[in-house]
Amino acid sequence: MARVLMVVTGADSLVMADGSVHPTGFWAEEVAASHKVFTEAGVDVDIATPGGVQPTPDQGSMVAPFVEYLDGIADVLAKPLVLGDVSIDDYDAIYFPGGHGPMTDLAKDKDVARLLRAAVDQGKIVGSLCHGQAALLSTAVDGEFAFVGKRLTVFSNAEELNGGTGENTPYFVETRLRELGAIVETGAPWSDTVVVDGTLITGQNPQSSADTANHVVAALR
C-alpha cells in the first residue's frame, strides 16, 4: 500500500510587512479534502509537523464540511509525527497543504529541506497546495534551489492581493519561486488549477485541493 507523508505547518501566526502579527495556521479544506482523497483511495497517510506540535487551523477556513472531517481525524492531528524523526525512505510521496502558516515555518525548516532534497534525489512524488509551496523555498541554500526549471503553480500574487493578506503580505510566494528559477504557471484567481511536472504535483489554491490529491493518487498508481 502506498504511503504519503503529509507535512502540516506548526505555525499559528505570520509576522506581516508592517510588523503586526496575523493569526493563521493550516487551511482546513486543504488538509481535509486531501486526506479524504488519499484515505478513500487506500493510501496510508502520516501527518508530521515541525517539533511534533499540534497544528492550528486558520479560523477563517473552519467551515462545513471541513470542520466535521477534521473532527473525525482529531486524534491524528493531536499527535503528529515529529518531522525531524521522519525519513523519506518510508514514504512514496510527500505532501504539503497550505494556509499562510508554511510561510512562517516550513519555508525555512531544515528538516523540510532534507526531506524534499531526498525526495527529488530518489524520484519520490512531491505534492503541494497553495501556500504549501513555501516549503519548497527551504531548499534554496548557497545559490542552489532544488526546483530550478520545474513547472509549478502556487497561490498567485493576484489572489494574495485580492483575497489573501493583501499589500501587507511579508513576501509573495509566487514571486520568491520565480526569483529562484521555478517556472510558475497560474490560472485565473480561485480556479481549480493543477500543474504536473514529472513527480512534482502542485495545486494553486484551496479550490484545487481534491484535484491535486487525486493527481498524486494517480501518480502513485
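The following legends describe an overall view and several close-up views of one predicted model.

**Figure 1. Overall view of the predicted chain.** Residues are numbered from 1 along each chain as its sequence is written, and side-chain values use heavy atoms, with hydrogens and water left out. In this predicted model, local features need pLDDT of at least 70 and side-chain atom pairs count only at pLDDT 80 or more, whereas totals for chains, interfaces and linings use all residues. The chain contains eight helices and eleven strands; helices (H or I, at least four residues) and strands (E, at least two) are DSSP runs, numbered from the N terminus. Its radius of gyration is 16 Å, close to the 17 Å that the globule rule gives for 221 residues, so the chain is as compact as a globular protein of that length. The radius is taken over C-alpha atoms, and the globule rule is 2.2 Å times the number of residues to the power 0.38. Along the principal axes, the C-alpha atoms fill a box of roughly 45 × 35 × 30 Å.

Figure 2. Of the 221 residues, 51% count as buried; buried means under 20% relative accessible area, exposed over 50%, and partly exposed in between (1.4 Å probe, protein chains only). Among contacts with a separation of 6 or more, 76% join residues 24 or more positions apart, a contact being heavy atoms within 4.5 Å. The chain exposes about 9,100 Å², of which carbon and sulfur atoms supply 50%. Accessible areas come from the Shrake-Rupley method with a 1.4 Å probe, and for residues only the protein chains shown count as cover.

**Figure 3. The surroundings of Val-184.** Val-184 belongs to strand β9, residues 183-184. The residue is buried, with a relative accessible area of 8%. Leaving aside residues up to four places away in sequence, Val-184 touches Leu-152, Val-154, Glu-174, Leu-177 and Arg-178. Val-184 and Gly-132 are 52 residues apart in sequence, and their C-alpha atoms lie 14 Å apart in space.

**Figure 4. Ser-61 and its polar contacts.** Ser-61 is located in the loop between β4 (44-49) and α2 (66-72). With a relative accessible area of 3%, Ser-61 is buried. A polar atom of the Ser-61 side chain lies 2.9 Å from the backbone nitrogen of Ala-28, and a polar atom of this side chain lies 2.7 Å from the backbone oxygen of Asp-58. A polar contact is a pair of N or O atoms within 3.5 Å; within protein, one must be able to donate a hydrogen and the other to accept it, and residues adjacent in sequence count only if both atoms are side-chain atoms. Not counting residues up to four places away in sequence, Ser-61 touches Phe-26, Trp-27 and Ala-28.

**Figure 5. A cis peptide bond at Pro-65.** The peptide bond from Ala-64 to Pro-65 is cis, and its omega is near 0°. Pro-65 is found in the loop between β4 and α2.

Figure 6. Asp-142 is placed in the loop between β7 (125-129) and β8 (151-152) and counts as exposed, at 77% relative accessibility. For Trp-190, phi is near 70°, a positive value in a residue other than glycine. Trp-190 is found in the loop between β9 and β10 (194-197) and counts as partly exposed, at 36% relative accessibility.
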